[in-house]
Amino acid sequence: MPDTVARAQLDTVLRSGGFRMTRQRRVIYESLVQAGRHVDANDLFEQVRKRYPGISLATVYRTVAVLKAVGLVKALPLGEGHQHFEPASDTVHYHLLCTACGRVMEFNPAEVAGAVAGLVESGWHIEGVEFFVKGRCPKCTAQKNV
Ligand SMILES: [Zn+2]
Ligand SMILES: [Zn+2]
């Protein structure tokens, strides 16, 4: 996992935000990284429980809030009721949400990258790009048509 924060760095980042490094925080962050991308709080809770039995969902929520506060975790704005998280160290990508199965997929269209590069060339300083597609994935669309 080259683009994630190492343990010592995690400690430093937490401290600089005024938080202590605890085993709980480390396990929750590592679980988020290992879970792959775009987990919601419940997915993350299931992952964390495997390594830390007895942890509560409330603790997972609180810890995610801490990790967000220090910039290690990003919450994805995926519309109503979909609060997904991913490590903030991930490379640039955009999201597709299937409203039928709830799966979040990522894509990185060359057209968007090209458009952004074009803006930079024309003198724009880019602070952020949001691009989000919502619909039914091919699998769900096929099922609907049966
Ligand atoms: Zn993502
Ligand atoms: Zn789907």
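Start at the N terminus and follow the protein chain along its length: the elements run α-α-β-α-α-β-β-β-β-α-β-α, which gives six helices and six strands in the protein chain. Keep in mind during the tour that this is a predicted model.

If you colour the 146 residues by burial, the buried ones make up 16% of the protein chain. Among contacts between residues at least 6 apart in sequence, 47% join residues at least 24 apart.

Now colour the protein chain by domain, with residues 1-90 as domain 1 and residues 92-146 as domain 2. The centres of domain 1 and domain 2, taken over C-alpha atoms, are separated by 23 Å.

For the next stop, select helix α2, which covers residues 23-34, together with helix α4, which covers residues 57-69. The axes of α2 and α4 come within 10 Å and cross at roughly 80 degrees; because angles of 65 to 115 degrees count as roughly perpendicular, α2 and α4 are described as roughly perpendicular to each other. Show the side chains where these helices meet: from α2, the contact is made by Gln24, Arg25, Ile28 and Tyr29, while α4 brings Thr59, Val60, Thr63, Val66 and Leu67 to the contact.

Move on to the strands and select β4, β5 and β6, which form an open sheet of three strands in the order β5-β4-β6, with mixed pairing. Which strands stand at the edges of this sheet? They are β5, at residues 104-107, and β6, at residues 132-135, and each has a single partner strand, so one side of each is left without a neighbour in the sheet. Neighbouring strands of this sheet are turned by 25 degrees against each other on average, direction ignored.

Finally, zoom in on β4, residues 94-98, and its pairing with β5, which is in the antiparallel sense and extends over four bridges. To see one position in that pairing, select Tyr94 and look across to β5, where the bridge partner of Tyr94 is Phe107. As background for this last view, strands of a sheet pair through backbone hydrogen bonds, either parallel or antiparallel.

Notes:
Residues numbered from 1 in each chain as written. Chains lettered and ligands numbered in written order. Predicted model: local features only at pLDDT ≥ 70, side-chain atom pairs only at ≥ 80, totals over all residues. Pairing = 2+ DSSP bridges. Helix = DSSP H or I, 4+ residues; strand = E, 2+ residues; numbered from the N terminus. Axes fitted to C-alpha atoms, helices over the stretch in contact; angles between N-to-C directions. Parallel < 35°, antiparallel > 145°, perpendicular 65-115°, else oblique. Contact = placed C-beta atoms within 7 Å. Domains from an automatic or database assignment. Buried ≥ 20, exposed ≤ 12 C-beta atoms within 10 Å, placed from the backbone.
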